[in-house]
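Please consult the sequence and the structure shown here alongside the text.

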Amino acid sequence: MRFSGFQKLTLLDFPGRAAATAFSPGCNFRCPFCHNARLVLPDGAEESVAPEEILAYLRRRRGLLDGLCLTGGEPTLQADLPGFCREVKSLGLLVKLDTNGSRPDTVRRLIEAGLIDYVAMDVKNGRERYAETAGVPSLDLGPVEESVALLKEGRVDYEFRTTVVSQLHDEASLVSAAEWLRGAKAWYLQQFVDSGGCIRQGLTAYSEDALRALLKTVQTILPAARLRGV
């Protein structure tokens, strides 16, 4: 398992839990608004953190931390993800997986093996603008649709989340996404923040009032929709 960053404590990434976060390099999407460009782009991730170093820290913090968040990049691209999750679980810790949903078979195997406890899946947009928003013009949406359906089965705790960017999202595309996710237990509309490290420059966020108005619209379809980051 390869890692390019490690955050020793977060009270935000794993809902209701004190956790650490490990960042996996590499991704098969190129979302223009991605703030982890250094992890996504082929020549961007230079820092290396040994898995043994992360496990040693988690071992020392048993009783103080509840779990570990695995994020990226896209962790499901790494073949040894299940083995690493198994080692974390052996310490009595919970595992949260952040994913773009492009590898449903991997997510299914992790769920069935009891190796993950929470999944946060990025749903980039409604189907019509998905490829544009994911930065992959020839994107096959089938695996993403399969991951959405898998999580909606409720075999593991989960959330869907969408980072809302004014150039990529509008009322029609978010209504489309809400229809797609109808019945989901949790969908967060996240306020875009330009950290300066995005793949594409010049993107902007909606105002808080505009975002709240969009939320009100999608809640008529998916009442579980909420705002995050405002």
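## Packing of α2 and α3

Helices α2 and α3 cross in a right-handed sense, where right-handed means that the near helix is turned clockwise from the far one by less than a right angle, and left-handed anticlockwise. On the α2 side the contact is made by Pro51, Ile54, Leu55 and Leu58, and on the α3 side by Phe84, Glu87 and Val88; contact means heavy atoms within 4.5 Å. By class, this contact has six nonpolar residues, one charged residue and no polar residues. Ala, Val, Leu, Ile, Met, Phe, Trp, Tyr, Cys and Pro count as nonpolar, Asp, Glu, Lys and Arg as charged, and the others, Gly among them, as polar.

The axes of α2 (residues 51-60) and α3 come within 10 Å and cross at roughly 20°. That angle makes the two helices roughly parallel, on a scale where angles under 35 degrees count as roughly parallel, over 145 as roughly antiparallel, 65 to 115 as roughly perpendicular and the rest as oblique. Axes are lines fitted to C-alpha atoms, for helices over the stretch in contact, and angles run from 0 to 180 degrees between N-to-C directions.

## Basis of the model

The model is predicted, and local features need pLDDT of at least 70, side-chain atom pairs count only at pLDDT 80 or more, and totals for chains, interfaces and linings use all residues. Residues are numbered from 1 along each chain as its sequence is written, and side-chain values use heavy atoms, with hydrogens and water left out. Helices (H or I, at least four residues) and strands (E, at least two) are DSSP runs, numbered from the N terminus.

## The two faces of α2

Pro51, Ile54, Leu55, Tyr57 and Leu58 are the buried residues of α2. Buried means under 20% relative accessible area, exposed over 50%, and partly exposed in between, with a 1.4 Å probe and protein chains only. Seen down the axis of α2, the buried residues fall within an arc of 160°, so they line one face of the helix; the arc is that of the directions from the helix axis to the C-beta atoms.

Glu52 and Arg60 are exposed on the other side of α2. The buried residues of α2 pack against β1 (5-10), β2 (19-24), β3 and α3.

In α4 (residues 104-112), the buried positions are Pro104, Thr106, Val107, Leu110 and Ile111. Viewed down the axis of α4, these buried residues lie within an arc of 160°, so they line one face of the helix. Arg109 and Glu112 are exposed on the other side of α4. The cover over the buried residues of α4 includes α3 (81-90), β4 (94-99) and α6 (142-152).

The axes of α4 and α6 come within 9 Å and cross at roughly 25°, and these two helices are therefore roughly parallel to each other. Pro104, Asp105, Val107, Arg108 and Ile111 of α4 meet Pro143, Glu146, Ser147, Leu150 and Leu151 of α6. By class, the contact of α4 with α6 has six nonpolar, one polar and three charged residues.

Val123 is located in the loop between β5 (118-122) and α5 and is buried, with a relative accessible area of 0%. Not counting residues up to four places away in sequence, Val123 touches Tyr130, Val148, Phe160, Arg161, Thr162, Trp180 and Leu181. Ala134 belongs to α5 (residues 130-134) and counts as buried at 0% relative accessibility. Apart from neighbours within four places in sequence, Ala134 is in contact with Phe29, Arg30, Cys31, Lys124 and Leu139.

Val175, in α7 (residues 171-181), is partly exposed, with a relative accessible area of 23%. Beyond residues up to four places away in sequence, Val175 touches Thr217, Val218 and Ile221. Val175 and Thr217 are 42 residues apart in sequence and 7.5 Å apart in space, C-alpha to C-alpha.

## Backbone geometry

Most residues other than glycine have a negative phi, and most peptide bonds are trans. The peptide bond from Gly72 to Gly73 is cis, with omega near 15°, and Gly73 lies in the loop between β3 (67-72) and α3. Just after α4, Gly114 takes a positive phi of about 70°.
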